[in-house]
Amino acid sequence: MDHCLAQDNLESLQSHILAEEQKFPGATGEFTWIISAISLATKAIGNKVRCARIQDVIGEIGNVNVQGEMQQKLDIISNEIIMHCLGNRDNVGVLASEENKTPILLRRRAEGGRYAVLFDPLDGSSNLDVSVGVGTIFSVLRLSDDGSREEAILQEGANQVAAGYVLYGSSTVLVLTTGNGVDMFVLDQAIGSFVLVARNLKIPEGNKTYSINEAYTTRFSDGIRGYLDWAHQNGYSSRYIGSMVADVHRTLLKGGAFLYPPTTDKPDGKLRLMYEANPMGMIIEQAGGAAVAKGNRILDIVPDGLHQRTSVILGSKDQVDAILKHTT
């Protein structure tokens, strides 16, 4: 059997995080434990995704989540896996999931709960039955001593300590930023570890590609329709998968822009600010790109609710600027 054995000179995810912490004299090592828990959880989820049809965990369960969306079987399983892995970390005070109405208080700041972790356990899960790449998105915030558990995590995206996603596709890819650039890791199944394959990723410019669901064109604003008309006339290509993690991952590596603008039936946008837009916005910005909503920086939005929705435009600065010329 052919295995993707890691080269001797490749770093594991944990070694990489430990090495990064050495650069900061005040680092306590606590953050490493959070990333380790996320790594463990996503390995387990990745295995479930690969075996979903064999284990008959594809499809809906008949329940509607807090977002008003029909829950998939693997949504629930993935949510439980992450809750279990992160719940065992003593420095995690609050967990908030797209699948849960309210955040879960594990321990207060005085008891060691220094961080909140927010996550979308399985983004794009409705695509599982046709084997499209799906993913997990996560965001890490420091907890303050003030307010209730929900108020404490209603922070601007600019306050994120870290953000990342795991794409379960042809390979299992983890993309991570801790505010000092963006690094990419791939899971080597032979050794059971994420290994570093690309450091300090930069989103390319000059790629005339956009990613949007054009079936909604009649519901878009005049500005977005004007941009699409302009793009059609100027040799642009459309690349849309319908799974945010997969679409953003392609945009990060290849350049271009990803759009999920407001529509007449969803004037505030559809994507979740805290679980999707903020972590993806941080990653794209750290890679030299831009992330905006209605012309404003996503990471500057002050949230008024845990499940707040927003529009999203993100990608290469040149391509985002081209969109803004038509929409602002």
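**Helix packing and a cavity in a predicted model**

Helix α5 (residues 222-233) packs against helix α8 (residues 317-327) at an angle of about 125°, and their axes lie 8 Å apart. This is a predicted model, in which local features need pLDDT of at least 70 and side-chain atom pairs count only at pLDDT 80 or more, while totals for chains, interfaces and linings use all residues. Residues are numbered from 1 along each chain as its sequence is written, and side-chain values use heavy atoms, with hydrogens and water left out.

Q: Why are α5 and α8 called oblique to each other?
A: Angles under 35 degrees count as roughly parallel, over 145 as roughly antiparallel, 65 to 115 as roughly perpendicular and the rest as oblique. The angle of α5 with α8 is about 125°, so the pair is oblique. Axes here are lines fitted to C-alpha atoms, for helices over the stretch in contact, and angles run from 0 to 180 degrees between N-to-C directions. Helices themselves are DSSP runs (H or I, at least four residues), numbered from the N terminus.

Q: What makes up the contact of α5 with α8?
A: Contact means heavy atoms within 4.5 Å. G223, I224, G226, Y227 and W230 in α5 meet A322, I323, H326 and T327 in α8. By class, this contact has five nonpolar, four polar and no charged residues. Ala, Val, Leu, Ile, Met, Phe, Trp, Tyr, Cys and Pro count as nonpolar, Asp, Glu, Lys and Arg as charged, and the others, Gly among them, as polar.

Q: Why is α2 called roughly antiparallel to α3?
A: The axes of α2 (residues 30-50) and α3 (residues 73-87) come within 9 Å and cross at roughly 155°. That angle makes α2 roughly antiparallel to α3. Their contact divides into 14 nonpolar, one polar and one charged residues.

Q: Why are α6 and α7 called roughly parallel?
A: Helix α6 (residues 244-254) and helix α7 (residues 273-286) have axes that cross at roughly 15° and come within 11 Å. The two helices are therefore roughly parallel to each other. M244, V245, V248 and L252 in α6 meet E276, M280, I283 and I284 in α7. Seven nonpolar, no polar and one charged residues form this contact.

Q: Which residues line the largest cavity?
A: I212, N213, Y216, F220, Y240, L259, Y260 and P261 line the largest cavity. A cavity is a set of points on a 1 Å grid over the protein atoms alone where a 1.4 Å probe fits but cannot get out, and lining residues have an atom within 4 Å of a point. The lining divides into seven nonpolar, one polar and no charged residues.

Note on methods. On a 1 Å grid over the protein atoms alone, a cavity is a set of points where a 1.4 Å probe fits but cannot get out, and a pocket is an open set with protein on both sides within 12 Å along at least five of seven lines; lining residues have an atom within 4 Å of a point.
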